[in-house]
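Let's take a tour of this protein together. Have the sequence and the 3D view open as you read.

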Amino acid sequence: MSKRDLYELLNQMTLPEKVAQLTQLATPFFKGSSKQGEITGPMAAMQITDEDIPNIGSVLGASGAEEIRSIQKQHLAESRLGIPLLFMSDVVHGFKTIFPIPLAIGCSWNPALAEESARVAAKESAVSGIHVTFAPMVDLVRDPRWGRVMETTGEDPYLNGVFAKAQVRGFQGDHLKESKEHVAACVKHFAAYGAAEGGRDYNTVNMSDRQLQEMYLPAYKAALDEDCKMVMSSFNIVDGIPATANQTLMNGLLRGDWDFDGVMISDWGAVKELIPHGVAADKKDAARKALSAGTDIEMMTDCYASHLEELVAEGVIDEQTIDQSVLRILQLKEELGLFENPYRGADPVQEEQIIMSAPHREAAKQLAIESSVLLKNDQTLPLQKSQKVALIGPFADNGDILGQWSWQGSKEDAITLRQGLVNKLQEEPLLAVGSDISEINATSLEQALTVAQQADVLIVALGEHSTMSGEAGSLTNIQLPQAQLDLLQSLAELDKPIVSILFNGRPLDLHGVIEHSHAIIEAWFPGTEGGNALADLLYGDENFSGKLTMSFPNSVGQIPVYYNHYNTGRPKGAPDAQVRYVSQYLDSPNGPLFPFGFGLSYTTFAYQEPVLSTDQLTSDRTLNLTVKVKNTGNWTGTETVQLYLRDLVGEVVRPVKELKDFKQVKLLPGEEQEIHFTLTEEQLRYYHSDMSYSSDPGDFEVLVGPNSQETVNTFFTLI
Ligand code: BGC
């Protein structure tokens, strides 16, 4: 359909038909759904009439080719103008083949693999009838108390942007309309949802425009630069106004400065939440504010459906504003090819063949390998097959390793750690649970100790239940539950080597784990192939290359702790610093337990001093940096060489370092390679006091290394 055809279609639509396009409802509302009529809870209170349903624009959370085809068929039969429904769902890190959680995906530092994971997720969901995924989630995070840190790639604006682009490319491909294997992406949650005060979900966000622009916005922008089709607004306020009704954020920045002409959707119920936020008197007021700010689709509440017609009749809302939103939605339907083929990829036969196919599981395994992070290793790993292992702990044989956003994933399909070891060793390991996630009793502890006594090495699988992170999964205590710490302590008394493997969705306070473990693997929620991936890593058939993309704090009291902070006027450790009157805690180091970028390998890497092609950079000439990196150990390994910059004197304060680039290199034992980076003036730009975005002549430090703390450096001048 041409743009003109879309206008013609719009002109044929009545106002009620237009308004219904702007509403998104869950499957129970629709004929043809197996859940039809199961309308309970808040859904039941919605003022949606039987006449509204044939005109509704989109469906939330449907899946399955048969089901979606059936809903679409019934809908088209009843829709006066035959406008197909859009089916949208949360396909966040896999559909049925579940990949590691996004925080883990970030730790792979491998955008190509992240893109592949999104491509697989798109393929599986498209064949099951889905058109749009509510992903990527690119919120920058600094507070591990917030359960939703598991959904993002971490604390760095640049890295989050790289992964945002990779995921959008993977989901959407190059030819969305022709390709039935891709889905439209919806970047979320716009904006700054990750900065909830105290890490409490849905809480207030309070930050300067500078922080917003410099740290929080770049990843959303990166997704849009990759032609991401949709944006979801966040639950939080931005400068005092909920994002969903925020004119400056949406009409001003998103639609104005960034020229975004795609569909903007509210988060679940966020239009109605303008009432408890205290910026709307009632649902009618909420509808007026959200639509005027540019929210095209209202998800799962009925403010638009119940009040937009009235607002138009009263002259409060111009029908043209509604037309614009409807047109964007029709445009998306057109871009997905739905007017030609309303069933698009939905194909029950292919569903059987494609979903969880061997190549998909293989891709999930590879990402699980590359996203696990080795935090500690006193030469206990890799294990030898001749060693007798005991596998102990609540995650020893637990399929709850998919993470909270694995809606279609099934625990039964997940390879548990035990199964992974059996696949590797062809025999059952000694096994005992020892403790539940949060409870321990004398009998189970006794069993664990008995089993442990028979082994040469103990693999202790610990972690958080998947519901302890994710949405509404905030915690104030981010240590492992006491029951598991008690188990570990009792096992440590046996004086055997302990390998702790952690299954969890956030950076943890690892006190109680670190002192009793000879090796620690942060496995995150590794997804469907977790057990196989970990078995390969444990026995050295694969090497670790994952590196943290979110700092692990020393304690909750330190939070937020992140690498790209400002220096303060009284930095700790400065040559002339006083002992007391510096910015510090009396009872804790300032820095994290494990910094951004950190992760060990079975081998070691040595960095030489970086060499610059010249020590002067100009706006029209780039500067080349070369650093030699050598594998100094006995294993082949992949290193992520990280490049950071520091602006020594800014017009406003600048972070102590900022990631600007990284490269992965695979080196054989003893092999050395030169790694080349190109530095440009563009990388030195920042927001000035008048919020202009530019660079200043002056001196810069460039730091290169295996993580954000252990770096080698040199200097150059921008002239
Ligand atoms: C979440 C979103 C999600 C939406 C639809 C909301 O509660 O915040 O991330 O996309 O539900 O499932």
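How many positive and how many negative side chains does the protein chain have, and how far apart do the centres of the two sets lie?

## Charges

Keep in mind that this is a predicted model. In it, the protein chain carries 97 negative side chains and 56 positive ones. The centres of these two sets lie 1 Å apart.

## Overall build

The protein chain contains 20 helices and 27 strands. If you draw a box along the principal axes, the C-alpha atoms fill roughly 75 × 65 × 45 Å.

So is there a simple check on how the chain is packed up? A compact globule of 719 residues would have a radius of gyration near 27 Å, and the protein chain comes in at 26 Å, so the two agree.

Of the 719 residues in the protein chain, 63% are buried.

Now for who touches whom. Take the contacts in the protein chain with a separation of 6 or more: 78% of them are between residues 24 or more positions apart.

## A closer look at one helix

Let's zoom in on helix H6, which covers residues 111-127.

H6 is mostly covered, with 13 of its 17 residues buried. Just after H6 you'll find Gly129, which takes a positive phi of about 105°.

Notes: Residues are numbered from 1 along each chain as its sequence is written. This is a predicted model: local features need pLDDT of at least 70, side-chain atom pairs count only at pLDDT 80 or more; totals for chains, interfaces and linings use all residues. Side-chain values use heavy atoms; hydrogens and water are left out. Helices (H or I, at least four residues) and strands (E, at least two) are DSSP runs, numbered from the N terminus. The radius of gyration is taken over C-alpha atoms; the globule rule is 2.2 Å times the number of residues to the power 0.38. Buried means under 20% relative accessible area, exposed over 50%, partly exposed in between (1.4 Å probe, protein chains only). Contact means heavy atoms within 4.5 Å. Lys and Arg count as positive and Asp and Glu as negative; His and the chain ends are not counted. The place of a charge is taken as NZ of Lys, CZ of Arg, CG of Asp or CD of Glu. The expected span of a helix is 1.5 Å times one less than its number of residues.
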